[in-house]
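Reader: Could you take me through the spot where the ligand sits? I'm new to this, so please spell out the terms as you go.

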Amino acid sequence: MPSLALDTPELAEQYDAVSDLQYEHGQHLLNALQLRPGESLLDIGAGTGRLTELAARHHVGPTGRVVGIEPLPLRVDIARKRASPWHHAEVGRAEDLSRFAAGAFDAVILNSVYHWLPDKDAVLRQAWRVLRPGGRIAISSASRERPHDLQQLVADVLAQAGLGRRGGSGSTPHPVTFAELAAQLEAAGFHVDDVRLRRFADRFADAEAVRVFSQASSFGNFLGEFLPDVRTGLLAALEARIGAHRNADGILLHRNLLFALAHKPA
Ligand SMILES: C[S@@+](CC[C@H](N)C(=O)[O-])C[C@H]1O[C@@H](n2cnc3c(N)ncnc32)[C@H](O)[C@@H]1O
């Protein structure tokens, strides 16, 4: 199980600096939501608040409202520096949205968060409650059918070390299939408008950049269940495998993500 207790000020700052990939994925979700000026948005698992700020400034504007909730206080501290009179960040978890009234939001977004959540049904029930009738939800998630190149490399390294396949070792401990994502949304009462798989080509300067990105994006959970000396050996083996993905422009790794858009029937 991933831990929410491994974050550090350095990891939080690094995430803010290296999360351009997640930021790009989030923009696909924001565009799909088609937010209008004056609408309200709940950004669940908002990290350091980059997407929350973008939504506030460029999608709903000063007549709207955006709230970001995020369980890691160090990341909320960074997000708070971005706050405006119409958007802010709070410490909170997806599983408990009880602080918000029923129907409080026009839209909910979970960007690169869903694959961290073990109990999808509980989270979707909460999201359904805080959305108004007709409200929209947009989700990006790692796909279980199509793991990222990096997840595959981690699985290979663990298998080679005789450690088997471990769900929590990489950065996507609870991925879903296309069918599961649609079924989970429908079970919570949503009407599914669109689910699609997108493939991204991620470029990194070197293997160290991949490690920093993975560690910051997983708030310290990347290979985090192993003792330090085992982990050092695994990281060295992973670095060697990542080297095979080097070309003239650096390291090229592919990432597959599911994007879902759904709404609460009016
Ligand atoms: C890869 S980051 C994505 C952050 C942000 N959404 C973005 O687009 O940059 C994943 C985030 O999910 C958050 N997270 C993990 N478990 C969570 C939970 N139970 N409820 C809400 N957020 C959670 C983490 O703290 C982390 O900030």
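Author: Here is a walk around the ligand and its surroundings. First, a heads-up: this is a predicted model, where local features need pLDDT of at least 70, side-chain atom pairs count only at pLDDT 80 or more, and totals for chains, interfaces and linings use all residues. Residues are numbered from 1 along each chain as its sequence is written, and side-chain values use heavy atoms, with hydrogens and water left out.

Okay, who's around the ligand? There are 19 residues surrounding it, and Tyr15, Gly45, Glu70, Ala94 and Asn111 are the closest (a residue counts if one of its heavy atoms lies within 4 Å). Sort that shell by type and you get ten nonpolar, six polar and three charged residues; here Ala, Val, Leu, Ile, Met, Phe, Trp, Tyr, Cys and Pro count as nonpolar, Asp, Glu, Lys and Arg as charged, and the others, Gly among them, as polar.

Now for some polar contacts, meaning pairs of N or O atoms within 3.5 Å. Tyr15 has a polar side-chain atom 2.6 Å from an oxygen atom of the ligand. In the side chain of Asn111, an N or O atom is 2.8 Å from a ligand oxygen. Ala94 uses its backbone instead: an N or O atom there lies 2.9 Å from a nitrogen atom of the ligand. As for cover, the ligand taken alone exposes 600 Å², and the protein buries 96% of that (Shrake-Rupley method, 1.4 Å probe).

Terms used. A polar contact is a pair of N or O atoms within 3.5 Å; within protein, one must be able to donate a hydrogen and the other to accept it, and residues adjacent in sequence count only if both atoms are side-chain atoms.
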